[in-house]
Amino acid sequence: MTTPPRILFCNCTYAQVLPKEVKEAVLKKLCESGLAFDAVADLCEMSARQDPALRRLAQGGAVKVAACYPRAVKWLFHAAQADLPLNVTEVLNMRAQSGDEVCAGLFRAELKPNLPAGKATQPSPAELQKGEVATQMTNS
């Protein structure tokens, strides 16, 4: 029997770019579910501080993350020197998905890894339709 993926919920406390109603709905359903999960105030702030908790999360096996864009989550962990494993990480996007969609992904037994591979990633067509500004990432 395989261990279910851990669940990580980002409250986006400081940047406040996630819709409040989506965050509240996801957190409420997580609390009601009885499942174990980790809730953090803000992944961006943790990344900026290179919080060691990010390394522990990244090294802990399969994980589902309720936060924002998969590419953003990938690079936040990378900036903290805590790369997430591409093959066992699924990010549910509270910026672009409804609370019900995020919860369906979190509670689904199946893990659907979706971290982008490579050094630079472009926004998906769905992200562009949401009015996001597309910026080219470059490495120097």
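This is a predicted model: local features need pLDDT of at least 70, side-chain atom pairs count only at pLDDT 80 or more; totals for chains, interfaces and linings use all residues.
I started with the order of elements: from the N terminus on, the chain runs β-α-β-α-α-β-α-β-α-α. That comes to six helices and four strands.

Next I looked at the chain as a whole. It has 140 residues, and 38% of them count as buried. I also checked the contacts with a separation of 6 or more, and 75% of those are between residues 24 or more positions apart.

Then I went for the largest pocket. Its volume is about 260 Å³. I found 15 residues in the lining, and Pro4, Pro5, Arg6, Ile7 and Leu35 lie nearest the centre. Strand S1 (6-10) and helix H5 (99-107) are the elements that give two or more residues to this lining. I sorted the lining by type, too: nine nonpolar, two polar and four charged.

Last stop was leucine 57, which I located in helix H3 (residues 52-58). Buried or exposed? I put leucine 57 down as buried, because its relative accessible area is 11% and the cut-off for buried is under 20%. I then looked up what leucine 57 touches, leaving out residues up to four places away in sequence: Arg6, Leu8, Asp38 and Phe77. Of these, Arg6 had already turned up in my pocket notes, among the residues nearest the centre. I also took one distance from leucine 57: its C-alpha is 9.6 Å from that of aspartate 83, which sits 26 residues away along the chain.

Note on methods: Residues are numbered from 1 along each chain as its sequence is written. Side-chain values use heavy atoms; hydrogens and water are left out. Buried means under 20% relative accessible area, exposed over 50%, partly exposed in between (1.4 Å probe, protein chains only). Contact means heavy atoms within 4.5 Å. On a 1 Å grid over the protein atoms alone, a cavity is a set of points where a 1.4 Å probe fits but cannot get out, and a pocket is an open set with protein on both sides within 12 Å along at least five of seven lines; lining residues have an atom within 4 Å of a point. Grid points are joined across faces, edges and corners, and a volume is the space filled by probe spheres set on the points. Ala, Val, Leu, Ile, Met, Phe, Trp, Tyr, Cys and Pro count as nonpolar, Asp, Glu, Lys and Arg as charged, and the others, Gly among them, as polar.
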